[in-house]
Structures are given as structure tokens and as C-alpha cells.
Amino acid sequence: MLRQPATLTAALLILVSVSLAAGCSKSDNKATNPYGGGGGTPSELNSGDLANGAMFPHQFLNPGTFNYHCLHHDMHGTVVVMAGFPATAAVSITNNAYTPMRDTVGVGANVTWTNNSGAVVHTVTSE
Ligand SMILES: [Cu+2]
């Protein structure tokens, strides 16, 4: 008799785990989230190609550490999102680098990347 509740608990844990996993994949669906993912999912940042002068704005709705890179060059950057930090940040892309390479912003902050690299195309893409 005493083992039955333990078995039931294990079954419930499995159900909860499966439900959570299903919930995570749902948040990757861009159709339901206009900001493209959120919560540190791989799809959080996906600028596509940015020509010279092009800007890529993104709002970070969830706290976390968001590492990104350029699909064309060995360039890396990080945005850390946590409560109590600025609501905006600007990142300039020049000389095959993101400047600054690391930003810390508040939850809900808007970060804008601008390609100031002349004719060189770059991206801002989650790692
Ligand atoms: Cu690049």
C-alpha cells in the first residue's frame, strides 16, 4: 500500500516534465510571439542580413543571458537581461565587431543594433 503513492508521484512527475517540454517548444513559435521567441530560446535573435546602415531592434521580454553571433564572420556578443538595468541599449557593428560586445539591460528593454560597416553585411543571430 505504501508504494502506490510513490508510483503515482513518479507518474505525475513524468506528466509534468512532458507538459513543460511541450510548453517550451510552443514558446519557440514566432507566430504566437511577435518578438521572436523569448526566454533565451535559440530563436531569440534572428536579424537576417543587415546591409550598411540597417538597424535591428529587439525587445527582451524575459530575463536571461543571450549570446549571439554573426553568421558571416567570427563576431560574438552578449545581452544580459535582469531587473533594474536600463530600458534601452544601442550596439554599433563596425570593424567586424559588436560595440559594446556585452550589454546589461532591464526586463522589457529595447536593444537596437546598427550596421555601420560600410558595404559589409552582418547578422545578429542567437548562438
Ligand atoms: Cu558579420
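These legends describe close-up views of a predicted model. Local features are given where pLDDT is at least 70, side-chain atom pairs count only at pLDDT 80 or more, and totals for chains, interfaces and linings use all residues. Residues are numbered from 1 along each chain as its sequence is written.

**View 1. An open sheet has the strand order 6-3-2-8.**
This sheet holds 4 strands, and its pairing is mixed. Strands are DSSP runs of E with at least two residues, numbered from the N terminus. Two strands count as paired if DSSP finds at least two bridges between them. Strand 6 (102–105) and strand 8 (125–126) each have a single partner strand, so one side of each is left without a neighbour in the sheet.

**View 2. Strand 2 and strand 3 run antiparallel.**
Strand 2 covers residues 64–69 and strand 3 covers residues 76–81. The two are joined by 6 bridges. Which residue of strand 3 stands opposite Tyr68? That residue is Gly77.

**View 3. A second open sheet has the strand order 1-7-4-5.**
This sheet also has 4 strands and mixed pairing. At its edges are strand 1 (55–59) and strand 5, each of which pairs on one side only. From one strand to the next, the twist averages 20°. For such angles, axes are lines fitted to C-alpha atoms (for helices, over the stretch in contact), and the angles run from 0 to 180 degrees between N-to-C directions.

**View 4. Strand 4 and strand 7 pair in the parallel sense.**
Their pairing extends over 6 bridges. Strand 4 spans 88–94, and strand 7 consists of residues 110–115. Ala89 has Val111 in strand 7 as its bridge partner.

**View 5. Asn95 and Asn96 lie in the loop between strand 4 and strand 5.**
Asn95 is not a glycine, yet its phi is positive, at about 50°. Asn96, also not a glycine, has a positive phi of about 55°. Are these residues buried or exposed? A residue is buried if 20 or more other C-beta atoms lie within 10 Å of its own, exposed if 12 or fewer, and partly exposed in between, with C-beta atoms placed from the backbone. Asn95 has 11 other C-beta atoms within 10 Å, so Asn95 is exposed. Asn96 counts as partly exposed because it has 13 C-beta neighbours inside 10 Å.

**View 6. A cis peptide bond links Thr99 to Pro100.**
The omega angle of this bond is near -5°. Pro100 is found in the loop that runs between strand 5 (97–99) and strand 6.
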